[in-house]
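Work through the exercises below with the structure open. Try each task before reading its solution.

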Amino acid sequence: MNPLLSTNFDACTKCTICTEYCPVSQVRPAFAGPKQSGPDGERQRLKDAAFYSEALKYCTNCKRCEVACPSNVHIGDEIALARKKFAPYNLSPRDAILSHTDFMGSMATMAAPIVNFMANLAPTKFFLDKFLGIPSWRSFPRYANKTFRAWFSDNAPDQSVYKDTVTLFHGCFVNYNNPSLGKDALKLLNALGVGVRLLAGERCCGVPLIASGFFQDALDNATTNKASIEKALENTERIVIPSSTCTMTLRDEYPEVLQIDNSSWRDRIDLLPRYFYRLLEEGRELKFKPMEKVVAYHTACHMEKLGWTAYSIDLLRLIPGIKLILLPSLCCGIAGTYGFKKENSPTAQKIGEPLFDLIKGSGCSLVVSECETCKMQIEMCTGLPCENPVTILADALI
Ligand code: SF4
Ligand code: SF4
């Protein structure tokens, strides 16, 4: 555990900047906001657990308060740790389904055509809404017929021909829903002269489990991932990841929220665009064909926390003809599984409205984001496609 974290609330100067930046505080009065839920609340909770408020569950863990805080208070982490310590154990079947992505993904991909068909039927949506609390108007990500891992072991070109190798932490979304993003990552890495390995055992990074209060399951996943990562780093230089949320979780949530010591490898966890950027700086080359498109870049909350948007933006600007619009950094509201929960969905939609209006008014034909759930939310709420920068770069590759 970060030794500073237990006393980190003392650094709070009560400036309230975090409250200004909290997307939930703006639209949900029941949530006291980051200052009161984080450092102020922590002082009280230390004196008496009765000060724990159930309203802490309204925090989306977006971390925008932490980015804004001039005193580096780990506000989001304090809220997550308070929930871990005081919240009653979650017995909600809905939350278990939404957060156990490996279990659900491996089941659903075995019967993907049926699952995808059933998920869109009105009676299914009615059942999910009435009995599980997942709003009927929400669209679901489609499941792939074959996982990315299965495709990789059957079809990936020989990776041993490359002098350099990295390990790809593909994440659940790539594995179960969008294997083409993993194939795009492979295409770009190979074009840069880098071979790809997968972790021997990869589990969900754990962020949906943390968000839904399944801390022990998140810890089990993190422990497995830590062992796999440490083994992989004996033979490869880095772990690279397409998703901003998985990247932030492995680097920051593991030590801060799950007390997993990643100090020996944290700095070897990289977001794919940042890794591509380093290779280009070293003198490697990628050649792109023109792409005459207006593309709007959306800064996902966890990209804001990582502080790495510039790598993606600079890379996209290498594509000839692309017109890149940089949207103001605003939360889309979905926050992983948060927006799939009926009690949160009005908040999620209200948070996202200004962003959706900006996208719709921008004249873009494509949105770009490193976050898979931002993709789901933006596509559902604007009708426009939203892709990871890795996919856009791979599409433009000559
Ligand atoms: S921004 Fe930081 S210092 Fe200011 S009130 Fe929030 S936690 Fe305290
Ligand atoms: S993590 Fe996000 S939702 Fe939670 S208190 Fe901070 S800004 Fe608000």
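**Exercise 1: the ligand shell**

Task: find how many residues surround ligand 1, and which are the closest.

Solution. Ligand 1 is surrounded by 13 residues. The closest are Cys 12, Cys 15, Thr 16, Cys 18 and Cys 69. Keep in mind that this is a predicted model. Next, sort the shell by residue class. It holds 8 nonpolar, 3 polar and 2 charged residues. Cys counts as nonpolar here.

**Exercise 2: two domains**

Task: state the bounds of domain 1 and domain 2, then how far apart their centres lie.

Solution. Start with the assignment: domain 1 covers 5-86 and domain 2 covers 294-396. Then take the centres over C-alpha atoms; they are 26 Å apart.

**Exercise 3: the interface**

Task: describe the contact between domain 1 and domain 2 by residues and by buried area.

Solution. Count the residues. Domain 1 brings 14 residues into contact with 16 of domain 2. Now the area: about 1,200 Å² is buried between the two domains, with 59% of it on carbon and sulfur atoms.

**Exercise 4: charges and polar pairs**

Task: how many salt bridges join domain 1 and domain 2? Check the pair Glu 66 and Lys 305.

Solution. There are 2 salt bridges between the domains. For Glu 66 and Lys 305, the closest N and O atoms are 3.1 Å apart. The cut-off is 4 Å, so this pair forms a salt bridge. Polar contacts across the interface come to 8 residue pairs. On the domain 1 side, helix H2 (23-27) and helix H4 (64-68) each give two or more residues. That side divides into 7 nonpolar, 2 polar and 5 charged residues.

Notes:
Residues are numbered from 1 along each chain as its sequence is written. Chains are lettered from A and ligands numbered from 1 in the order in which they are written. This is a predicted model: local features need pLDDT of at least 70, side-chain atom pairs count only at pLDDT 80 or more; totals for chains, interfaces and linings use all residues. Side-chain values use heavy atoms; hydrogens and water are left out. A residue is near a molecule or strand if one of its heavy atoms lies within 4 Å of it. Domain bounds come from an automatic or database domain assignment. Contact means heavy atoms within 4.5 Å. Buried area is the accessible area (1.4 Å probe) that two parts lose on being put together, summed over both. A salt bridge is a side-chain nitrogen of Lys or Arg within 4 Å of a carboxyl oxygen of Asp or Glu. A polar contact is a pair of N or O atoms within 3.5 Å; within protein, one must be able to donate a hydrogen and the other to accept it, and residues adjacent in sequence count only if both atoms are side-chain atoms. Helices (H or I, at least four residues) and strands (E, at least two) are DSSP runs, numbered from the N terminus.
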